[in-house]
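Here is a short report on one protein chain.

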Amino acid sequence: MDISKLYGEYADPFDLCECKLAIVHCAGHHDPALVESLWRDIINQELQQSHLASADARAQSLSSKVVSLGRLYAQSQRYFPVAFLVRHLEELTARLRLPIGWVATALQQVGLSPALLLNVYDRLFKAKDPCWQSAGRPLHVLNAVHSLLASPDLFANLLQAERSALRLNCSQAVASYLVELQSTLSQESELAHTVANFKRLQAKFQS
């Protein structure tokens with residue numbers, strides 16, 4: 001059957017999002033907006049199926065889906081848009097009060113490096129998207145970064161030069177986050193807790 005016919009007469013009418021992504025990938029079709037829309041639909045379907053589950057179970061369900069599909073498509077940003085996925089999944093995590101850290105853990109299981117993820121999260125933090133405030137989680141991105149950098153497996157399977165480069169990047173990033181956190185005029189306990197977490201990270205990377 002012709003691929004366009006398969007998409008238009010089978011996958012699309014029955015809202016088979018994973019099939020649609022597979023067809024787009026097989027056809028080599030490059031349409032970033034379509035791919036992001038398909039991923040959004042895949043994630044929403046997974047959330048609908050787990051709507052009665054606990055926060056931990058919903059995060060695990062999403063993680064399993066991201067990992068299984070990520071291992072199929074992660075070789076190409078065309079079909080595995082990392083920056084989009086991190087932002088979308090982290091916003092859902094903040095709004096639905098899912099466990100902090102599951103997104104980065106899942107993406108590392110897909111095979112993405114800590115260095116790449118740090119870069120993505122750093123850009124996400126610097127974008128200052130108002131969605132974190134509206135979700136009632138203004139420090140969410142930094143708490144997700146902390147979870148990534150505090151992982152005991154952060155330097156696993158890296159060559160010495162890669163470890164040194166990552167350690168330097170982490171140290172510089174943590175220093176910049178601390179400057180911003182300490183300039184925040186707030187007495188909230190979450191802020192103090194986040195500052196303390198990043199100070200411990202700073203000591204870890206400078207040791």
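Leaving aside residues up to four places away in sequence, His140 touches Glu90, Thr93, Ala94, Ile100 and Trp132 (contact means heavy atoms within 4.5 Å). His140 sits in helix α9, residues 140-149. Helices are DSSP runs of H or I with at least four residues, numbered from the N terminus. His140 counts as buried because its relative accessibility is 3%; buried means under 20% relative accessible area with a 1.4 Å probe, protein chains only.

The model is predicted: local features need pLDDT of at least 70, side-chain atom pairs count only at pLDDT 80 or more, and totals for chains, interfaces and linings use all residues. Residues are numbered from 1 along each chain as its sequence is written, and side-chain values use heavy atoms, without hydrogens and water.

The chain's average pLDDT (the predictor's confidence in each residue, from 0 to 100) is 91.

Now the pockets. A pocket is an open set of points on a 1 Å grid over the protein atoms alone, where a 1.4 Å probe fits, with protein on both sides within 12 Å along at least five of seven lines; lining residues have an atom within 4 Å of a point. A volume is the space filled by probe spheres set on the points, which are joined across faces, edges and corners.

| Pocket | Volume |
|---|---|
| Largest pocket | about 380 Å³ |
| Second largest pocket | about 230 Å³ |

The largest pocket has 18 lining residues, with Phe125, Lys128, Gln133, Pro138 and Leu139 nearest its centre. Helix α9 gives the most to this lining of the largest pocket, three residues. In the second largest pocket, the largest share of the lining comes from α6, also with three residues.

Methods. Helices (H or I, at least four residues) and strands (E, at least two) are DSSP runs, numbered from the N terminus. Buried means under 20% relative accessible area, exposed over 50%, partly exposed in between (1.4 Å probe, protein chains only).
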